[in-house]
Amino acid sequence: MSDEKSDGSRGHDVPVAHALNDFMSTGWADTQLVGLTPAAAVSVAAERRKKLSSMYPGQVLRIDAGPLKVRSNDTDYRYRPDSSFAWLVGMEAGDATPDAVLVMKPTADGHDSTLFIRPRSTRDTEAFYRDARYGEFWVGRVLTVEETQTRYSIKSAHIETLGAALSGKDPITLADSSFETALSEMRLIKDSYEISEMQKAVDATARGFEDMVRVLPAAVSHKRGERIIESAFFGRARLEGNDLGYNTIAASGSHACILHWIRNDGDVRSGDLVLIDAGIEVDSYYTADITRTLPVDGKFSEAQRKIYMLVYEAQRAAMAAVKPGACFKDINLAGQEVLAKGLEAMGVLPVTAEESMKPEVGLHRRWSVHGVSHMLGMDVHDCAQARKEQYAEGVLAAGMILTVEPGLYIHPDDELFPAEYRGIGVRIEDDVLVTETGFRNLSAGLPAHPDEVEVWMANLLR
């Protein structure tokens, strides 16, 4: 930080007298945590480290949680550790501290793991009340080295000893792209704990969607109503989870045609659709990613319903392609084929759907430029560093969790469509688990068919 001093205080902080230093170190009760229980993912995290160990025999591995990130001058964003670090430790949001490092040193039969942390600043140190970035007086109590070891069943040490522990070593780190790729590919298949956490995130997100429907009348009656919708969801995310999994898209009217509309500063108008793409990240850092396109007044117009149904049918076809042994790209092809045929039937596609589906043509993608699916887990675009042959051109396997999210976006200035369709953007997105026999829609509790959407909204708005 630009004005931070070596003791963690800032240039504008009031100077501290030596007498106060002495006084601040006395008169405190013991606050050691009693009855501290192991984190939920301790056992599965140990198995993950064991598997990673088998992949890198004889090599020192270093996985950094990452530092705080500056938002502005001397204020930081709320801290979130690197996903690979959290996955290998089983870290939960309330325990995560900046700058932590997991080190795995080779042994005769695997690796010995040590978690290096910045522990709590105890009352006998000046840091606890002078260090504005890490001090307990400023940011709250964190775990001691001993408490961390109890909580995560892993040998723990002070971050200040990291240098000595790695002296003369040349560890593999996340800066090594092949190491990052290996960790991404390890995370492609979710274990039972991860599936449970993903369902928890999806269920919380569904309740967040209910909150957003309930505030639609208020959104219509206020300027920048999109932010009323966004705020309702953020409240649910902070109540039930750690945070948003990503910036909420609350796109009313033609804003729905802007794929990553996160300004959310538009008005919400009666008669329009609002496209909401939102996900809650729970305390284990797993996030949902769900999209619904809703009529602001609770009823679809004829034109809105026609576009919506085309997207809905495309999603049904894409979901049907989800099964073990199928190619990941088959999901996209199945959804895009339905969209292309629908656009041909509407008379806006200048070639046949069959011609448009050729990779060297793809004219239907003028109205659907994004893919239909991506992996989902700790990151909203999970396992992003996996090799193409393991992901984009890979084969689906039981335990993978992915989105299915076709969309059609007709910009307000698109003269290839009749006027009644211009400015309509529709996306429907669900979170799907690949099972041994097909798939399970984790977000099936949120209605997607337009008739069901209307009934659901009516019940929430009455």
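This is a predicted model: local features need pLDDT of at least 70, side-chain atom pairs count only at pLDDT 80 or more; totals for chains, interfaces and linings use all residues.

Q: Let's begin with a helix pair. At what angle do the axes of helix 12 and helix 13 cross?

A: When two helices pack, look at how far apart their axes are and at the angle between them. Here helix 12 (residues 302-320) and helix 13 (residues 328-345) have axes that come within 7 Å, crossing at roughly 150°. Angles over 145 degrees count as roughly antiparallel, so helix 12 is roughly antiparallel to helix 13.

Q: Which residues make that contact?

A: On the helix 12 side you'll find L310, V311, E313, A314, A317 and A318. Helix 13 brings I331, A334, G335, V338, L339, G342 and L343. Sorted by class, the contact of helix 12 with helix 13 has ten nonpolar residues, two polar and one charged.

Q: Why do residues three or four places apart point the same way in a helix?

A: It comes down to the turn: an α-helix has 3.6 residues a turn, so residues three or four places apart point the same way. Look at the helix 12 side again, where L310, A314 and A317 are among the contact residues.

Q: What about the handedness of that crossing, left or right?

A: Helix 12 passes helix 13 in a right-handed crossing.

Q: How are helix 9 and helix 15 placed relative to each other, parallel or perpendicular?

A: Again, start from the angle. Helix 9 (residues 192-214) packs against helix 15 (residues 450-461) at about 65°, with the axes 9 Å apart. Helix 9 and helix 15 are therefore roughly perpendicular to each other, and their crossing is right-handed. F209, E210, V213 and R214 of helix 9 meet W456, M457, L460 and L461 of helix 15. By class, this contact of helix 9 with helix 15 has six nonpolar residues, no polar ones and two charged.

Q: And what is the angle between helix 2 and helix 8?

A: Helix 2 and helix 8 pack at about 135°, their axes 12 Å apart. That makes helix 2 oblique to helix 8. The crossing of helix 2 and helix 8 is right-handed. R48, K51, L52 and M55 of helix 2 touch F179, A182, L183 and M186 of helix 8.

Q: Is helix 8 mostly covered or exposed?

A: Helix 8 (residues 177-186) is mostly covered, with seven of its ten residues buried. Those are F179, T181, A182, L183, S184, E185 and M186. Their cover includes helix 2 (42-55), strand 1 (61-64) and helix 3 (83-89).

Q: Which residues touch the most other members of the largest nonpolar core?

A: The largest nonpolar core holds 98 residues, and L52, I63, F85, M91, F179, F209 and I229 touch the most other members. Helix 9 gives the largest share of this core, ten residues. Apart from it lies another core, of 18 residues, among them V322, I331, V372 and L396.

Q: What does I229 touch?

A: For contacts, set aside the close neighbours in sequence. Leaving out residues within four places, I229 is in contact with M212, V215, L216, A219, A250, V268, V274 and I276.

Q: Is T205 buried or exposed?

A: T205, in helix 9, counts as buried because its relative accessibility is 0%. Not counting residues up to four places away, T205 touches F233, A278, G279, I280, A288 and I290.

Q: Where is S284 found?

A: S284 sits in the loop between strand 10 (280-281) and strand 11 (290-295). S284 is buried, with a relative accessible area of 4%. Beyond four places in sequence, S284 touches M91, Y193, E197 and M378.

Q: What is the phi of C383?

A: C383 has a positive phi of about 60°, and it is not a glycine. C383 lies in the loop between helix 14 (353-356) and strand 12 (401-404). At 1% relative accessibility, C383 counts as buried.

Terms used
Residues are numbered from 1 along each chain as its sequence is written. Side-chain values use heavy atoms; hydrogens and water are left out. Axes are lines fitted to C-alpha atoms, for helices over the stretch in contact, and angles run from 0 to 180 degrees between N-to-C directions. Helices (H or I, at least four residues) and strands (E, at least two) are DSSP runs, numbered from the N terminus. Angles under 35 degrees count as roughly parallel, over 145 as roughly antiparallel, 65 to 115 as roughly perpendicular and the rest as oblique. A crossing is left-handed if the near helix is turned anticlockwise from the far one by less than a right angle, and right-handed if clockwise. Contact means heavy atoms within 4.5 Å. Ala, Val, Leu, Ile, Met, Phe, Trp, Tyr, Cys and Pro count as nonpolar, Asp, Glu, Lys and Arg as charged, and the others, Gly among them, as polar. Buried means under 20% relative accessible area, exposed over 50%, partly exposed in between (1.4 Å probe, protein chains only). A nonpolar core is a set of buried Ala, Val, Leu, Ile, Met, Phe, Trp, Tyr and Cys residues joined through side-chain atoms within 4.5 Å.
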